[in-house]
Number of protein chains: 2
Amino acid sequence: MIQELIKNIKEKDAPIVVGLDPMLSYVPEHILKDAFDAYGENLEGAAEAIWQFNKGIIDATYDLIPAVKPQVAMYEQFGIEGMKAFKRTCDYAKSKGLVIIGDIKRGDIGSTSEAYAVGHVGQISVGNHKFSPFTEDFVTVNPYLGSDGVKPFIKVCKEENKGMFILVKTSNPSSGEFQDQLVDGTPLYEIVARKVAEWGEEHMGEDYSYIGAVVGATYPEMGAVLRKLMPKNYILVPGYGAQGGTGKDLAPFFNEDGLGAIVNSSRGIICAYKKSEIYGPQNFGDASRQAVLDMKEDLKNAFVK
Amino acid sequence: MIQELIKNIKEKDAPIVVGLDPMLSYVPEHILKDAFDAYGENLEGAAEAIWQFNKGIIDATYDLIPAVKPQVAMYEQFGIEGMKAFKRTCDYAKSKGLVIIGDIKRGDIGSTSEAYAVGHVGQISVGNHKFSPFTEDFVTVNPYLGSDGVKPFIKVCKEENKGMFILVKTSNPSSGEFQDQLVDGTPLYEIVARKVAEWGEEHMGEDYSYIGAVVGATYPEMGAVLRKLMPKNYILVPGYGAQGGTGKDLAPFFNEDGLGAIVNSSRGIICAYKKSEIYGPQNFGDASRQAVLDMKEDLKNAFVK
């Protein structure tokens, strides 16, 4: 699946992933109205609204982008109905040739971690049958529990040719509280990064591992160090746009081959219509498409020497 | 809700939480057969089986225990149908007067963390209505992302009189890889514990905070230190029984008042019938009840001076 991600990135000439993180407040009024009219002002109606919103974004952008990253929390907040919308979104994006990065940030130990892996990127056995409950290609994983938490994911990813991105240095202001703590002069995120490089060797594609890392766009200097510590691990970069990162800041996250990183934008793309004077809510998809094109242009600054 | 947990613990005289972490392989053959006959050998059948299994355990033990801790991964692995069984289990246990600790180990930032909190211990607004998608009383939270990840949970917990347990030192063998790293001589888990004590002050019950910590039974010496660092924070203790901890090991986790800790056992209780020569699979509930009684007896060793 890392091969497919890289192939998509090359073909679309865009190291971009669109974060499908729909809040109800992001959904245009006419979609909300239709959904509530059809299903009621309830969890089912809300789930229908975010699904229709996602579908509009996917339809308007899929030919430009290699991947989408649905944030499961935004679906889980609507309970069972929300999880149905999550699955439907993943399945639909996949039918459009997109790679699906499930932003689930799960992490537990042993058979529990394996259960998460099986549920999201693997297959569960029931009697003599196998099922894929959710259908992501990659998931994000929290490393706090150590190898006992990560290895079950690696096992399932190897069986299924799937991959994962492990949180190393997150984009948020307080990420330093624990991640930057110095251990004999070395910040914890570097210790995690070294483990990611080590874990990555267990599941290699051609040039890159199926096991990548999450490093926030908001910390470009740390990105430069981490890029070198994990030369064969793809970096998923959140924090571009709404969180403050710009194209120029992203140079350190890429390797000399122009690969090695994929940059996420969520609100900057899916809420583009709100900041646009050209596109209104009715044309939210067109606004998202233009935002992807603008982002693509801005990211070229990452490669200007 | 911390008051209700403490009240339940005192009334039942048992600082015990039963981990409802059902694998299909734990479910007795007759339950599996009935579920597959009714719904097919599929995700729906599997979800029915684990729900019936849980119901049997709850019915057999609810009068002895203060709380249950369903591990969401074991439900999520069965997709949408599994999540329905999760909700059904939480709702049923609550109807029996039990406190529900959702072992979800979520953690993200800002509005995303808030979405998890809203989904599991809060209420989501849809139009002019409010809904509780999942209905836990406490959740477990991963601290790797720092205050940005934890504070949105605190906000929702305050609004709802709910609580949380933050991972500090987990019970697994590799928990030390990152958690034990020394920062100027202080292990990271102590730094996290100090933050838990600080966060806990933001949402206090009478003697204890609504914000607790997870510390593994497998590390009693660290438990003693952590107990002192977080005097007002309840400690949720996994790792008893199947993972190796015993009653005697648990003394350091309790305060002088005999409170301050609640000990989880999952397989030791829900799979008790497999190790029993008295109870067969048909009487798995009775085997679980006896296992709870045995655990209650063993835990008395924690209080022997």
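A residue is called buried when its relative accessible area is under 20%, exposed when over 50%, and partly exposed in between, using a 1.4 Å probe and protein chains only. By that rule Cys90(A) is buried, because its relative accessibility is 1%. Cys157(A) is buried as well, with a relative accessibility of 0%.

This is a predicted model, in which local features need pLDDT of at least 70 and side-chain atom pairs count only at pLDDT 80 or more, while totals for chains, interfaces and linings use all residues. Residues are numbered from 1 along each chain as its sequence is written, chains are lettered from A and ligands numbered from 1 in the order in which they are written, and side-chain values use heavy atoms, with hydrogens and water left out.

The two cysteines lead to the matter of disulfides. A disulfide is a covalent bond between the sulfur atoms of two cysteines; here the term is given to a pair of cysteine sulfur atoms within 2.5 Å. The structure holds 0 of them over all chains. The cysteine sulfur closest to that of Cys90(A) belongs to Cys157(A) and lies 15 Å away, which is too far for a bond.

Next come the two chains together.

Where do the copies meet? They meet through the same surface, because 100% of the interface residues of chain B are also interface residues in chain A. Contact (heavy atoms within 4.5 Å) joins 69 residues of chain B to 69 residues of chain A.

The buried area is the accessible area (1.4 Å probe) that two parts lose on being put together, summed over both. Between chain B and chain A this is about 5600 Å², with 65% given by carbon and sulfur atoms. Ile80(B), Tyr144(B) and Phe178(B) supply 16% of the area that chain B buries against chain A, more than any other three residues.

Charged pairs also cross between the chains. The count of salt bridges (a side-chain nitrogen of Lys or Arg within 4 Å of a carboxyl oxygen of Asp or Glu) between chain B and chain A is 6. Arg106(A) forms a salt bridge with Glu76(B), with 2.9 Å between the closest N and O atoms.
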